[in-house]
Amino acid sequence: MKITIVAGARPNFVKIAPIMDAIRERNIKLNCISYRLIHTGQHFDYLMSHSFFSQLNIPQPDANLDCMSGTHAIQTADIMVKFENELLVNRPDVVLVVGDVTSTMACAISAKKLNIDVVHVEAGIRSGDMNMPEEINRVITDSICNHFFTTTILASNNLKMLNIPNDRIHMVGNTMIDSLYKQLNSAICPSFFKDFSIKEKDYFLLTLHRPSNVDNKDYLLSILETIHQSVDNKIVFFPVHPRTRKILQGFNNFYSNIILVEPQPYLEFLFLLKNCKAIITDSGGISEESTVLNIPCLTLRNSTERPETIELGTNELIGDDFKKLHHCLHVINENKWKTTNIPSLWDGHTAKRIVEILCNVYN
Ligand code: UD1
């Protein structure tokens with residue numbers, strides 16, 4: 001089997017790492033998979049990209065497309081043209097894309113237009129909110145794929161409702177959780193953490209990068225104000241995404257307990273997550289990780305494509321309801337938050353299942 005694997009943005013790297021491991025393991029025994037790993041360059045900073053490759057032991061990409069930042073159309077078009085060139089020179093049997101970022105959709109389209117099979121890891125999840133660029137990416141990617149690897153039964157059911165044949169839908173679990181289990185004991189305490197005399201479970205963690213939360217400065221500041229008022233003066237570590245950093249630039253009037261830090265490498269972020277009292281976030285992936293770690297998670301969005309993290313896990317949707325945010329932080333401070341149940345097959349072995357199925361289909 002000749003396979004081309006695509007990764008472009010931070011969450012993709014965490015999802016492909018165990019797949020690369022599983023391919024290498026399989027090749028030691030059978031040497032039956034020839035792969036190319038393509039980085040689109042959507043994320044390019046050391047902290048957003050390279051640190052993930054080194055910490056998660058991902059092989060160096062065979063090519064970096066160095067795509068342009070810009071509007072979604074500019075980025076999509078640039079990735080599509082460059083990935084098409086890659087496929088014309090190195091034609092595989094199948095292209096594997098993960099997640100829901102612009103690179104996922106752009107590469108799926110380029111491959112499919114060349115009549116190359118495409119498989120999607122983390123297929124079938126839906127928020128129902130077409131204002132999210134990720135939802136558009138999910139719907140388009142899933143509309144042209146050949147095989148679908150899903151994280152949950154609900155995601156599989158979403159695909160069945162689109163009349164996708166059962167034998168193309170594979171409920172395999174969650175590769176992001178494979179990475180989590182593998183790396184949990186290697187978590188690294190970030191250097192800034194030692195400057196604060198705080199104990200485990202005595203601080204909060206905050207991440208925000210969705211356009212709906214961060215692109216309007218006044219709205220972003222009102223989120224910070226509410227958090228400041230609701231955490232009993234506890235420290236809140238806030239690794240700031242480049243998109244959010246642009247909006248906050250030049251604004252220095254921050255709250256003394258909200259500590260802005262650089263985006264964290266994977267292992268440092270894992271340390272902060274597994275030891276925090278709770279996380280406030282607008283990330284979908286983090287709500288899955290906090291569910292597995294049994295860490296309370298408050299999601300600042302109106303919808304989620306990952307409802308299991310609410311029904312089974314520790315997540316709660318807050319939307320833009322600041323009263324609810326205040327109330328939930330109070331409940332967490334009183335140690336009265338719900339405890340987790342982990343969705344089935346989120347067991348650390350998902351990537352092996354994916355590679356096994358791919359070999360059965362394409363070898
Ligand atoms: C992207 C994904 C989102 C994912 C997030 C994780 C899409 C539509 N969105 O959002 O689903 O949750 O990544 O981080 O694909 N930038 C840098 N350095 C970098 C990367 C980005 O400065 O290494 C800047 C870009 O130039 C751009 C902004 O940050 O101005 C946003 O980057 P972009 O890749 O467009 O989307 P994200 O907001 O990161």
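User: Which strand does Ile258 lie in?
Analyst: Ile258 belongs to strand β10, which covers residues 258–261; a strand here is a DSSP run of E with at least two residues, and a helix is a run of H or I with at least four. This is a predicted model in which local features need pLDDT of at least 70 and side-chain atom pairs need 80 or more, while totals for chains, interfaces and linings use all residues. Residues are numbered from 1 along each chain, and side-chain values use heavy atoms without hydrogens or water.

User: Is Ile258 buried or exposed?
Analyst: Ile258 is buried, with a relative accessible area of 4%, where buried means under 20% (1.4 Å probe, protein chains only) and exposed over 50%.

User: And what does Ile258 touch?
Analyst: Setting aside residues up to four places away in sequence, Ile258 touches Leu224, His228, Val236 and Phe238, contact being heavy atoms within 4.5 Å. Leu205 is 53 residues from Ile258 in sequence, and their C-alpha atoms are 9.4 Å apart in space.

User: Switching over, where does Thr4 lie?
Analyst: Thr4 is part of strand β1, residues 2–7, and is buried with a relative accessible area of 1%. Beyond its neighbours within four places in sequence, Thr4 is in contact with Arg36, Ile38, Phe83, Leu87, Asn90, Pro92, Val94, Val95 and Leu96.

User: New topic: how many residues line the largest pocket?
Analyst: The lining has 47 residues, and those nearest the centre of the largest pocket are Arg10, His43, Met48, His209 and His241. A pocket is an open set of points on a 1 Å grid where a 1.4 Å probe fits, with protein on both sides within 12 Å along at least five of seven lines, and lining residues have an atom within 4 Å of a point.

User: Which elements give two or more residues to that lining?
Analyst: They are the helices α1 (10–30), α2 (46–55), α3 (72–89), α5 (133–144), α10 (242–248), α11 (266–275) and α12 (284–293).

User: Why does the largest pocket lie between the domains?
Analyst: Domain 1 (2–174 + 346–362) and domain 2 (188–333) both give residues to its lining, so the largest pocket lies between them; the domain bounds come from an automatic or database assignment.

User: What lines the second largest pocket?
Analyst: Its lining has 16 residues, with Asp129, Met132, Ser212, Arg301 and Asn302 nearest the centre. Helices α5 and α8 (211–214) are the elements that give two or more residues to this lining, and the largest share, three residues, comes from α8.

User: How many residues does each domain give there?
Analyst: Domain 1 and domain 2 each give at least three residues to the lining of the second largest pocket.
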